[in-house]
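Here are some notes to read alongside the model. Please keep the sequence and the 3D view open while going through them.

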Amino acid sequence: MTRLILASQSPARTKLLTDAGIHHEVLVSDVDEDAVQARYGVTDAHDTALLLARAKAEAVASMPDAEGALVIGCDSVFEFDGESHGKPYTVDVARERMLRMSGSKGVLHTGHWLVDCRDTAADLDDDGGTADGTGATVGAVSSAEVHFVEMSEEDIDAYIATGEPLHCAGSFTIDGLGGAFIRKVDGDPHAVVGLSISTLRDLLGQANVGITELWTQNGSAAISE
């Protein structure tokens with residue numbers, strides 16, 4: 001079976017793949033997101049999401065455990081009022097953002113980057129053997145416009161108290177408690193969760209892999225440390 005490695009520790013992303021019946025492994029990178037952004041000076045939310053997804057995928061692709069596999073890296077950045085919002089981490093930042101977001105809308109950009117670590121024909125010697133690898137390293141961004149309901153200060157404080165929004169791009173989730181505050185989504189809802197299955201399908205196609213090749217009955221994930 002073709003191996004797919006998810007270069008992310010996000011439970012939401014691995015759940016998406018599992019629910020879609022896609023067998024995968026999880027191998028987490030140690031990418032310093034702030035250092036990557038400082039190096040390239042990217043401020044645009046769309047481009048930042050793609051840059052960080054690529055950095056994570058390439059970091060994991062360089063690990064010995066990724067040999068012979070396909071690696072998918074993802075990163076999400078929320079664009080609001082022309083600003084890029086990653087994870088808030090602190091209560092004060094989350095509260096300030098959510099007060100501004102109440103009754104408004106923004107765009108969640110999720111970058112995807114796929115690296116094909118399988119052997120290519122050029123990797124094999126003259127003794128024969130087959131090679132399925134394409135050497136592909138390709139990416140794409142899936143974006144969706146998120147519309148929020150009017151949120152009271154009490155709602156916001158109660159939500160932040162759960163801890164859920166502190167480690168989510170834009171200070172919200174759609175697949176958890178934060179879904180109560182999202183009125184509608186224009187675009188792929190999977191992208192808002194953190195990984196667009198249809199975008200993954202397109203990228204796999206560029207590596208000559210059909211997504212149905214990865215289907216299993218339960219899409220179980222194997223966690224690598």
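The points below go from the whole chain to single residues.

1. The model is predicted. Its chain is made up of seven helices and eight strands. The radius of gyration is 18 Å, close to the 17 Å that the globule rule gives for 225 residues, so the chain is as compact as a globular protein of that length.

2. Taken along the principal axes, the box filled by the C-alpha atoms is roughly 70 × 40 × 30 Å. Among contacts in the chain with a separation of 6 or more, 73% join residues 24 or more positions apart.

3. Of the 225 residues, 46% count as buried. The chain exposes about 10,800 Å², and 48% of that area comes from carbon and sulfur atoms.

4. How many positive and negative side chains does the chain have? There are 15 positive and 37 negative ones. The centres of the two sets lie 5 Å apart.

5. Thr48 sits in helix H3, which covers residues 45-61. Is Thr48 buried or exposed? Its relative accessible area is 3%, and buried means under 20%, so Thr48 is buried. Leaving aside residues up to four places away in sequence, Thr48 touches Gln37, Val42, Thr43 and Val77.

6. Ser198 belongs to helix H7, residues 197-206. With a relative accessible area of 42%, Ser198 is partly exposed, because that class lies between the 20% and 50% cut-offs. The side chain of Ser198 makes a polar contact with the side chain of Ser196, at 3.1 Å. Ser198 and Ile211 are 13 residues apart in sequence, and their C-alpha atoms are 9.4 Å apart in space.

7. The next two residues are worth a look for their backbone angles. Most residues other than glycine have a negative phi. Tyr89 is not a glycine, yet its phi is positive, about 65 degrees. Tyr89 is found in the loop between strand S4 (83-85) and helix H4 (91-101).

8. Asn208 also is not a glycine and has a positive phi, here about 60 degrees. Its place is in the loop between H7 and strand S8 (221-224). Is Asn208 buried or exposed? Asn208 has 61% relative accessibility, and exposed means over 50%, so Asn208 counts as exposed.

Terms used: Residues numbered from 1 in each chain as written. Predicted model: local features only at pLDDT ≥ 70, side-chain atom pairs only at ≥ 80, totals over all residues. Heavy atoms only, no water. Helix = DSSP H or I, 4+ residues; strand = E, 2+ residues; numbered from the N terminus. Rg over C-alpha atoms; globule rule 2.2 N^0.38 Å. Buried < 20%, exposed > 50% of the residue type's maximum accessible area, 1.4 Å probe, protein only. Contact = heavy atoms within 4.5 Å. Areas by Shrake-Rupley, 256 points an atom, 1.4 Å probe, with all protein chains shown as cover. Lys, Arg positive; Asp, Glu negative; His and termini not counted. Charge placed at Lys NZ, Arg CZ, Asp CG, Glu CD. Polar contact = N/O pair within 3.5 Å; in protein donor to acceptor, adjacent residues only side chain to side chain.
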